[in-house]
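This report covers the pockets, the surface and the charged contacts of one protein model. The sequence and structure come first.

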Amino acid sequence: MEEMPLMKSVVYEALRIEPPVSLQFGRAKRDLIIESHDAAFEVKEGEMLFGFQPFATKDPKIFTQAEEFVADRFMGEGEKMLEHVLWSNGPETEEPTLGNKQCAGKDFVVLVSRLFVVELFLRYDSFEIEVGTSPLGAAVTVTSLRRASF
């Protein structure tokens with residue numbers, strides 16, 4: 001699967017556009033300054049922080065066509081953009097450690113997602129879906145499947 005750049009990009013794009021854990025919170029362990037594109041915010045030790053991942057993962061100053069699913073976004077030079085995919089409570093380019101509180105199951109989620117995409121395309125020649133919204137995020141309904149002919 002490591003030799004399948006489009007499949008890898010599709011999985012990262014799915015995690016970017018609809019992060020499985022969109023809400024995150026924690027207490028500041030030390031005084032720090034959080035910077036955005038246009039401002040800086042001083043945070044004191046012990047203060048509660050809250051983050052809504054889609055604000056970062058759909059930032060139009062980082063991602064062109066930020067609200068659209070672009071299957072090849074993370075291919076070639078686009079692979080450098082993975083540092084801005086933050087669904088796991090940290091950049092996709094970093095590894096989870098005890099100190100950074102990044103999701104310990106990050107690599108497992110990516111692996112299972114890749115397996116799902118590969119299995120879908122091995123099993124079916126074509127499929128059609130309808131995409132909508134639900135209270136929990138995106139709603140995808142499979143409307144047509146045609147089994148693989150090989």
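The model is predicted.

## Largest pocket

The largest pocket holds about 1400 Å³ of space. Its lining consists of 33 residues, and those closest to the pocket centre are Q24, I34, L49, G51 and N89.

By class, 14 of the lining residues of the largest pocket are nonpolar, twelve are polar and seven are charged.

## Second largest pocket

The second largest pocket has a volume of about 1000 Å³. It is lined by 24 residues, of which V10, A14, F69, I129 and V140 are the closest to the centre. The elements with two or more residues in this lining are the helices α1 (5-17) and α3 (106-123), together with the strands β5 (124-134) and β6 (137-147). Helix α1 gives the largest share, seven residues.

What is the class make-up of the lining of the second largest pocket? There are 22 nonpolar residues, one polar residue and one charged residue. For the largest pocket, the corresponding division is 14 nonpolar, twelve polar and seven charged.

## Nonpolar surface patch

A nonpolar patch on the surface is formed by M1, M4, F108, L111, V112 and L115. Together these residues have about 530 Å² of accessible area.

M1 has a relative accessible area of 32% and is therefore partly exposed. Patch membership requires over 30% relative accessible area and no salt bridge, and the value for M1 is 32%.

## Salt bridges

How many salt bridges does a search of the whole structure find? The search gives ten. One of them pairs E2 with R114, with the closest N and O atoms 2.7 Å apart. Are the two partners buried or exposed? E2 counts as exposed, because its relative accessibility is 53% and the cut-off for exposed is over 50%. R114 counts as buried, because its relative accessibility is 7% and buried means under 20%.

Another salt bridge joins K44 and E42, and here the closest N and O atoms are 2.7 Å apart. K44 is partly exposed at 40% relative accessible area, while E42 counts as exposed at 57%. K80 pairs with E77, with a distance of 2.8 Å between the closest N and O atoms. Both K80 and E77 are exposed. Salt bridges that share partners also join E2, K8 and R114 into one network.

## A contact at G46

G46 is found in the loop between β3 (40-43) and β4. With a relative accessible area of 33%, G46 is partly exposed. G46 and A28 are 18 residues apart in sequence, and their C-alpha atoms are 5.0 Å apart in space.

Key
Residues are numbered from 1 along each chain as its sequence is written. This is a predicted model: local features need pLDDT of at least 70, side-chain atom pairs count only at pLDDT 80 or more; totals for chains, interfaces and linings use all residues. Side-chain values use heavy atoms; hydrogens and water are left out. On a 1 Å grid over the protein atoms alone, a cavity is a set of points where a 1.4 Å probe fits but cannot get out, and a pocket is an open set with protein on both sides within 12 Å along at least five of seven lines; lining residues have an atom within 4 Å of a point. Grid points are joined across faces, edges and corners, and a volume is the space filled by probe spheres set on the points. Ala, Val, Leu, Ile, Met, Phe, Trp, Tyr, Cys and Pro count as nonpolar, Asp, Glu, Lys and Arg as charged, and the others, Gly among them, as polar. Helices (H or I, at least four residues) and strands (E, at least two) are DSSP runs, numbered from the N terminus. Patches are made of residues with over 30% relative accessible area and no salt bridge: like charges are joined within 9 Å, nonpolar side chains (Val, Leu, Ile, Met, Phe, Trp, Tyr) within 5 Å. Accessible areas come from the Shrake-Rupley method with a 1.4 Å probe; for residues, only the protein chains shown count as cover. A salt bridge is a side-chain nitrogen of Lys or Arg within 4 Å of a carboxyl oxygen of Asp or Glu. Buried means under 20% relative accessible area, exposed over 50%, partly exposed in between (1.4 Å probe, protein chains only).
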